[in-house]
Amino acid sequence: MNKKIVVLPGDGIGQEVTAEGRAILEAVASVFDHQFSFDTALIGHAAIESTGDPLPEATLDKLRNCDAILFGAVGHPKYDNDPSAKIRPEQGLLKMRKELGLYANLRPIKLFDELLGASSIKPEVLKGSDILFFRELTGDVYFGERGRRDNNLTAYDTMIYTRYEVERIAHKAFAAARTRRKKVMSVDKANVLESSRLWREVVQAVSAEYPDVTLEHQFVDSAAMLLIKNPRAFDVVVTGNLFGDILTDEASQIAGSMGMLASASVGDRVGLYEPIHGSAHDITGKGIANPLASILSAALLLDISFGLKSESDAVIEAVSSVLKDGYRTVDIKDESTPKDKILNTRQMGEQVEKRIRTLSKPAH
Ligand code: IPM
Ligand code: MG
């Protein structure tokens, strides 16, 4: 298979972890006889520094003309502490999602049994958790009208959804539920918000087309509580942009660490794959970031964008085997991890890569 992949390392540990995600894609290409060509482009703070624009037109051009995107993270503390900054790294990410029509963000929360001890939640509560979030990604308060008024005494952001936006993400969630436990939980705040009442109405209407899938509604506050109380009760969750942002960070603790969670953003064209974690400037440059979220994002890329299920499974299997052998990065170690099993970013990537490279080439 011949494919063009654009790597967007972005900022902070994005640089370090995408290098490992890319190395895994290269290993897969060589073992399974595929031709993947790679290009890189600028986004975020790195792009602002060299062009003044968090998503330069040259980057967009490359993204519009490739088969898949492996993305790292954007962000810089300089902007976090400067609320008045007009140009911000995150604008690059939001614009990219919008421009590429990436309206569905899939965030699978899958717990590797080996990491049961890495979470602050009790193992018996966690064991067997397997959740698939569908976070709507190009609507909501992220893209509604915002501004200041009354001589700067007031600021506002508008939570807004159209029927069409809710319909298309709902269809994605119901279709996925059919391949799983046939349960969808829709999360909203319909007891307060009008946009949530429209959300609920539309999700209910879409559910009529999937009579074999059970639909349940939860208010977001209650869903946040249930997620920690009984994560096993969750299967497919569909929710808006803001609630999805918050709930998936919360849910990352079910998987042991933010450093483990991959995500896929898809729409009608090219797909984008990225860890759910951010640029983590507190550990940038130390070489200790967990590359597994980027590596698992590469696995999602192989499966969803290229339809290479065995290749994708081989990556997940390699990650699982590394964890079984006791290797950990600092974010997923626990008291029982011996010092010589604590790996840095590169070493962890190498362990996964080594396992993929020992696979024999499949017969054609
Ligand atoms: C995420 C991130 C982004 C978001 C930020 C960096 C704009 O938190 O992908 O979850 O809020 O969507
Ligand atoms: Mg987030």
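Q: At what angle do helix α7 and helix α8 pack, and how far apart are their axes?

A: Two packed helices are described by the angle and the distance between their axes. In this predicted model, α7 (residues 163-178) and α8 (residues 194-207) pack at about 45°, with axes 9 Å apart. That makes α7 oblique to α8 (under 35 degrees is roughly parallel, over 145 roughly antiparallel, 65 to 115 roughly perpendicular, and the rest oblique). Axes are lines fitted to C-alpha atoms, for helices over the stretch in contact, and angles run from 0 to 180 degrees between N-to-C directions. Helices (H or I, at least four residues) and strands (E, at least two) are DSSP runs, numbered from the N terminus.

Q: Which residues of α7 and α8 make the contact?

A: From α7 come Arg163, Val166, Glu167, Ile169, Ala170, His171 and Phe174, while α8 brings Leu198, Trp199, Glu201, Val202, Val203, Val206 and Ser207; contact means heavy atoms within 4.5 Å. By class, there are nine nonpolar, two polar and three charged residues in this contact (Ala, Val, Leu, Ile, Met, Phe, Trp, Tyr, Cys and Pro count as nonpolar, Asp, Glu, Lys and Arg as charged, and the others, Gly among them, as polar).

Q: How do α11 and α12 cross?

A: The axes of α11 (residues 292-304) and α12 (residues 309-324) come within 7 Å and cross at roughly 160°. That makes α11 roughly antiparallel to α12. Their contact includes Leu292, Ile295 and Leu296 of α11 and Val315, Ile316 and Val319 of α12. The contact residues divide into ten nonpolar, one polar and three charged.

Q: How much space lies in the largest cavity?

A: Rolling a probe the size of a water molecule over the atoms shows where empty space is left. Here the largest cavity holds about 60 Å³ of space. On a 1 Å grid over the protein atoms alone, a cavity is a set of points where a 1.4 Å probe fits but cannot get out, and lining residues have an atom within 4 Å of a point. Grid points are joined across faces, edges and corners, and a volume is the space filled by probe spheres set on the points.

Q: Which element gives the most to the lining of the largest cavity?

A: α8 does, with three residues. Among the lining residues are Ser195, Ser196, Trp199 and Asp140. The lining has five nonpolar, four polar and two charged residues.

Q: What should I know about the numbering and the values?

A: Residues are numbered from 1 along each chain as its sequence is written, and chains are lettered from A and ligands numbered from 1 in the order in which they are written. In this predicted model, local features need pLDDT of at least 70, side-chain atom pairs count only at pLDDT 80 or more, and totals for chains, interfaces and linings use all residues, while side-chain values use heavy atoms, with hydrogens and water left out.

Methods
On a 1 Å grid over the protein atoms alone, a cavity is a set of points where a 1.4 Å probe fits but cannot get out, and a pocket is an open set with protein on both sides within 12 Å along at least five of seven lines; lining residues have an atom within 4 Å of a point.
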